[in-house]
Amino acid sequence: MDTPYQAAAGVHVLPSNLPIPGVGVLPINAYVIHAEQPVLVDTGLAMESEGFLDALASVIDPASIRWVWLTHDDADHTGNIARVFELAPHATLVTHGFAALRLSSVWPGALDRVRAIRVGDRLHVGDRTLRAVAPPLYDNPMTTGLLDEATGTLFSVDSFGALLSEATRDAGEVPADALAEGMLAWATADSPWAHILDRQRYGAVLEGIRRLEPTSILSSHLPAADGVPTERFLRILERVPDAEPAIAPSEAEFAHMLATIHGGQAPEPTPVAPVAHHVG
Ligand SMILES: [Fe+2]
Ligand SMILES: [Fe+2]
């Protein structure tokens with residue numbers, strides 16, 4: 001767990017960086033929106049529970065959190081949800097109804113204080129309104145992003161994320177080519193269906209994001225990018241359907257990654273005999 005920092009006006013990021021052997025890191029962010037009714041967007045990694053809760057408490061009194069906006073029920077977003085709700089007795093869970101249902105299989109509390117939301121809905125949080133929006137790319141059909149209509153900040157969930165060679169606080173400091181490459185690598189891995197997209201329809205979806213005129217885009221998987229124009233991000237995402245689709249690591253390649261994680265000497269990947277596939 002890294003040290004929280006301000007990501008936009010009235011927004012703190014609770015940042016983490018998951019090491020990806022042979023690649024670098026995947027940034028994993030939760031956000032605190034300091035609205036009149038404070039909002040926590042996602043709940044970090046369970047493996048960093050104490051660090052996450054300390055980071056949260058360093059930017060806000062957890063008991064004052066009124067809304068927990070869960071963008072989707074993937075493990076890198078739900079990690080500390082039960083602990084957060086213990087600390088935030090007045091919080092309501094805001095999420096896709098089916099995400100709450102599925103989450104209830106591992107955390108029954110998901111159905112106790114839930115406000116189901118879908119794209120187009122608005123949540124009034126005192127001094128501002130959050131609009132539920134659909135990010136252009138996603139890995140989970142329950143994905144629900146949000147636009148802070150008061151500030152124009154777009155929380156884009158897994159969209160606009162990147163695999164990076166090292167942890168940083170400012171995506172704007174990553175060389176342009178490396179950032180584009182990292183974003184394409186992440187997008188093709190996280191949305192492996194992107195290459196089957198109808199280019200024209202996908203273009204219209206990106207145009208929809210452009211029309212939102214976000215003042216900043218805060219991805220769950222990218223450090224804050226102060227000074228990087230939205231248009232530059234959109235141009236990178238335009239390339240995703242034509243990028244090389246990501247391929248899962250082979251058994252040998254993954255064993256190699258594991259060896260690196262465990263700190264041992266990473267063996268050279270060994271070729272494995274092809275597995276016979278039986279059809280029918
Ligand atoms: Fe996801
Ligand atoms: Fe994610």
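Predicted model: local features only at pLDDT ≥ 70, side-chain atom pairs only at ≥ 80, totals over all residues.
A strand, in these legends, is a DSSP run marked E of at least two residues, and strands are numbered from the N terminus.

View 1. Let's start with the big picture. The C-alpha trace spans about 60 × 45 × 40 Å along its principal axes. A compact globule of 280 residues would have a radius of gyration near 19 Å, and the protein chain has 19 Å, so the two agree. Of the 280 residues, 41% count as buried. Now take the contacts between residues at least 6 apart in sequence: 61% of them join residues at least 24 apart.

**View 2. How confident is the predictor in the protein chain?** The average pLDDT is 93, and 94% of the residues score at least 70. Residues 271-280 are a stretch to treat with care, since pLDDT stays under 50 there. For that stretch, the model has four contacts beyond four places in sequence.

**View 3. An open sheet of seven strands, in the order E1-E2-E3-E4-E5-E6-E7.** The pairing in this sheet is mixed. Its edge strands are E1 and E7 (114-116), and each of them pairs on one side only. On average, neighbouring strands here are turned by 30° against each other, ignoring direction.

**View 4. The hairpin of E1 and E2 has two residues between its strands.** E1 covers residues 5-8 and E2 covers residues 11-20. The two run antiparallel and are joined by three bridges.

**View 5. Met-1 sits in the segment before E1.** Met-1 and Leu-14 are 13 residues apart along the chain, and their C-alpha atoms are separated by 8.0 Å.

**View 6. E3 and E4 run antiparallel.** Here E3 (residues 24-33) is joined to E4 (residues 39-41) by three bridges. One residue pair to spot is Val-32 with its bridge partner in E4, Leu-40.

**View 7. An open sheet of five strands, in the order E8-E9-E10-E11-E12.** This sheet also has mixed pairing. E8 (122-124) and E12 (216-219) are the edge strands, each pairing on one side only. From one strand to the next, the twist averages 25°. Zoom in on E9 and E10 (residues 145-148), which pair in the antiparallel sense over four bridges. In this pairing, Arg-131 stands opposite Leu-147 in E10.

View 8. What does Thr-129 touch, once residues up to four places away in sequence are left out? The contacts are Arg-122, Leu-123, His-124, Glu-149 and Ala-150. Thr-129 has 15 other C-beta atoms within 10 Å, which means that Thr-129 is partly exposed. Thr-129 and Ile-236 are 107 residues apart along the chain, and their C-alpha atoms are separated by 29 Å.

Definitions and conventions
Residues numbered from 1 in each chain as written. Chains lettered and ligands numbered in written order. Pairing = 2+ DSSP bridges. Buried ≥ 20, exposed ≤ 12 C-beta atoms within 10 Å, placed from the backbone. Contact = placed C-beta atoms within 7 Å. Rg over C-alpha atoms; globule rule 2.2 N^0.38 Å. pLDDT = per-residue confidence, 0-100. Axes fitted to C-alpha atoms, helices over the stretch in contact; angles between N-to-C directions.
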